[in-house]
Amino acid sequence: MKIKVLLLLYFNFLVAVAFSANLTLNPSISYQQTERSNHPLQTKPLPRIAIAGLAIESSTFSPALTHEESFHAKYGTNVFSSYPFLTPDSSLRNRAQWLPTLIGKSLPGGAVTREAYESLVKQTLELLEKNKPYDGLFLDIHGAMSVVGLDDPEGDFIIRIRKVVGKQPIISTSMDLHGNVSWRLAQNTDLITCYRMAPHEDAMQTKRRAVSNLLSRIETGKGKPAYKAWIPVPILLPGEKTSTRLEPAKSIYQAVAPAAAQPGIIDAAIWVGYAWADEPRNHAVVMVTGDNKEKVTQTAEQLASSFWKARSGFSFVAPTGSLSQSLDKALASKKHPFFISDSGDNPTAGGAGDVTWTLKEILARPEFKSANGPSLIYASIPGPDLVKSAIKAGVGGKVDAYAGAKVDARFAPPVRITGTVEAIEHGDRNAETEVVVKVGSVHVIVTQKRKPYHKEIDFTRLGLNPRKAAIVVVKIGYLEPELYAMWADWILALTPGGVDQNLERLPYKRIQRPMFPLDKNMKDPDLTAKIVPSSDKL
C-alpha cells in the first residue's frame, strides 16, 4: 500500500515538473490563458506586464525643437532603474513577469521633431511585438508632449500600442497633472491616474499607484473597470497659479485621495492641463474609474464642480512683478537669500532656456558693476562657445564671449559676458559642462547645454553657496522643494519667453473657446460626466 502511495506521489511530482517546464519554455502562455485552464495541477504563472513611456512637456510658443537624444532612452532591464519600487527584492517586482521595452524622459522644451517621435515610437512598438502576449502594460507618460505636425501625440501613441498588444491587456497610465487627457487617450487606457501635488513630490508614489492598481485588477480577476467618467473643464492655468501648497488648489487636490478610496472606485484624478501649447486638447480634465456607475459619475462631477467654482480664486504662488520691480525689491531687502524666478524662460515648463533678456538687464544694473556689490547668482544660460573659451582660460583666467539666444532671440540678442572663470565642472547629465563666470558681483552659470537648477548641490558642486548669496535668480516658475526651503524671501518675475506666465500675451489660435481665464465672463459649462467606452469596445 505504501509503495502505491509513494508511486502516485512521484507521478504527480513528475507531472508538476513537466507543467512547470512547459511554462518556462513557452513564455507566450499568458496569465489569462492559464487562469481559464481547469487542470487540477496547474498553478497561475505570474502575469506578463510590459512597461513603456515617453515623457516631455513641450511649449508650442517656443522656437526650440526637441530631438531624440534629449529623451535619454532606457531599454530593457535598464528601465527598472527609473522605478525604486521595482527593485529586484521589491514586493511589486515579484508579483509579475516584467517585460520593459523603452522609456524616455526629456527635459521640458520645444515641440518634438516628427523624426524623433516616430523613431522612439517605432522602437517601442518593435520591442512590444517581440514579447507578446501581455496581461497588462504600465504606460508612463507626462501628457503634454507636442510633436511637429501631430495633434495629441499621447493619444496617437496609445492607439499604436493597442494595435500591437490588442484589446485584451489592461493598460494603466500614470501622468503629470500638467498633462492633457484627450478623449482617445481616455478610451484606449483602462486605469489612469496623475500626480496630486504641485510641485510633484508624489511623482514616484503616483507611478507606484498605477502599477499597484494594475496588479490588483489582474490578480483579483476584476479586470478592466466597468466605468470611466471623463469631464473636460474649460480652464487653462499655468502651474504657478495652481500649486497645491496654496488654496484653492490645496483643498481641491486634498479631496482626490478620499474620493479615490470610496468603495466602487479605483482611482480619481484632476489634470490642470498644460497652458503653453496651442492645441484643442489643452484644458483641465477630471477622470474617475471604478465599478459603481453612480459613484464614479457623482465623484467626477463633484471634483469638476469644485474646480470650476474655485476658478477665480487661483493666484500666483508668490508675489509677482516686472523684472525691474523684482530686482528693486530684492536689493532693498535685508532678507537673504532673496530668490527671483525668471519665469518666462523656465526650462522645466518648456522654455528654450537661452533667453538672455533677464541676464542682460541684470548685468546692466549699476548695483552689480563692482566686485564688492550685492552677491547675485544667475542660473543659468547656455553658451557652448563661452564654455570652450572658459576651459581654455582655466579657473582664474579671464573670458570674454557671448552666450544665449541661439534658439530664442526674440527678446534679446546673445549677451556678452566678460569676467573671471570661477569654476569648471564636467559630466552633468543635462548641462554636460558647466562654468561659473564672475562679472562684477554677479556669478553667472554658463552651460554647454541647458539645465534647470533645482537642488542645493547644483550650486555647491560649482563652489557657490546660494544660502549666503544676497540674490539668487533662477530660470524657474514655482520653487522646487529644496529651493523653497532655502529662501528668506521670494518673488516671481513676469519675464518674457516661451512659457510666459501672462497667458493673455500668448497668441492662442487653436484651443477650444471659451476658456477661463481668457474668457472671463463665459457661461457655466456642462460638467456632466461622460462615460468613456471600454477599450474592449474600440
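This is a predicted model: local features need pLDDT of at least 70, side-chain atom pairs count only at pLDDT 80 or more; totals for chains, interfaces and linings use all residues.
Q: Where should I look to see how strands pair, and which strands does β18 pair with?
A: Strand β17, residues 415-428, pairs with β18 in the antiparallel sense over 7 bridges, and β18 in turn pairs with strand β19, residues 442-447, again in the antiparallel sense, over 6 bridges. To follow individual partners, you can find Thr-420, whose bridge partner in β18 is Lys-438, and then Val-439, which stands opposite Val-442 in β19.

Q: What joins these strands to one another?
A: A hairpin of 3 residues joins β17 to β18, while the hairpin of β18 and β19 has 2 residues between the strands, and there Gly-440 takes a positive phi near 65°.

Q: Is strand β18 largely enclosed or open, and why?
A: In general, the side chains of a regular strand alternate between the two faces of the sheet. Strand β18 covers residues 432-439, and because 6 of its 8 residues are buried, the strand is largely enclosed by the rest of the structure.

Q: How do I read an aromatic pair, and how many does the structure hold?
A: Rings are taken as a pair when their centres lie within 6.5 Å, and planes over 60 degrees apart count as edge-to-face. The structure holds 11 aromatic pairs. In one of them, the rings of Tyr-83 and Phe-138 have centres 5.5 Å apart and planes at 65°, and therefore the pair is edge-to-face. This pair links distant parts of the chain, since Tyr-83 lies in the loop between β4 and β5 and Phe-138 in strand β7, 55 residues apart.

Q: Are Tyr-83 and Phe-138 buried or exposed?
A: A residue is called buried when its relative accessible area is under 20%. Tyr-83 has a value of 1% and is therefore buried, and Phe-138, at 0%, also counts as buried. Ring pairs link Tyr-83, Phe-85 and Phe-138 into a cluster.

Q: What is the geometry of the pair formed by Trp-183 and Trp-230, and which parts does it tie together?
A: Trp-183 and Trp-230 form an edge-to-face pair, with 5.2 Å from centre to centre and 75° between the planes. Because Trp-183 lies in helix α5 and Trp-230 in strand β10, the pair ties together parts that are 47 residues apart in sequence. Trp-183 is partly exposed, with a relative accessible area of 31%, whereas Trp-230 counts as buried at 9%.

Q: Which rings have a charged side chain over them?
A: Arg-245 lies over the face of Tyr-484, at 3.7 Å from the ring centre, and the charged end of Arg-311 sits over the ring of Phe-516, 5.7 Å from its centre.

How values were computed:
Residues are numbered from 1 along each chain as its sequence is written. Side-chain values use heavy atoms; hydrogens and water are left out. Buried means under 20% relative accessible area, exposed over 50%, partly exposed in between (1.4 Å probe, protein chains only). Helices (H or I, at least four residues) and strands (E, at least two) are DSSP runs, numbered from the N terminus. Two strands pair if DSSP finds at least two bridges between them. Rings of Phe, Tyr and Trp (its six-membered ring) pair if their centres lie within 6.5 Å; planes under 30 degrees apart count as stacked, over 60 as edge-to-face and the rest as tilted. A charge sits over a ring if NZ of Lys or CZ of Arg is within 6 Å of the ring centre and within 35 degrees of the ring normal.
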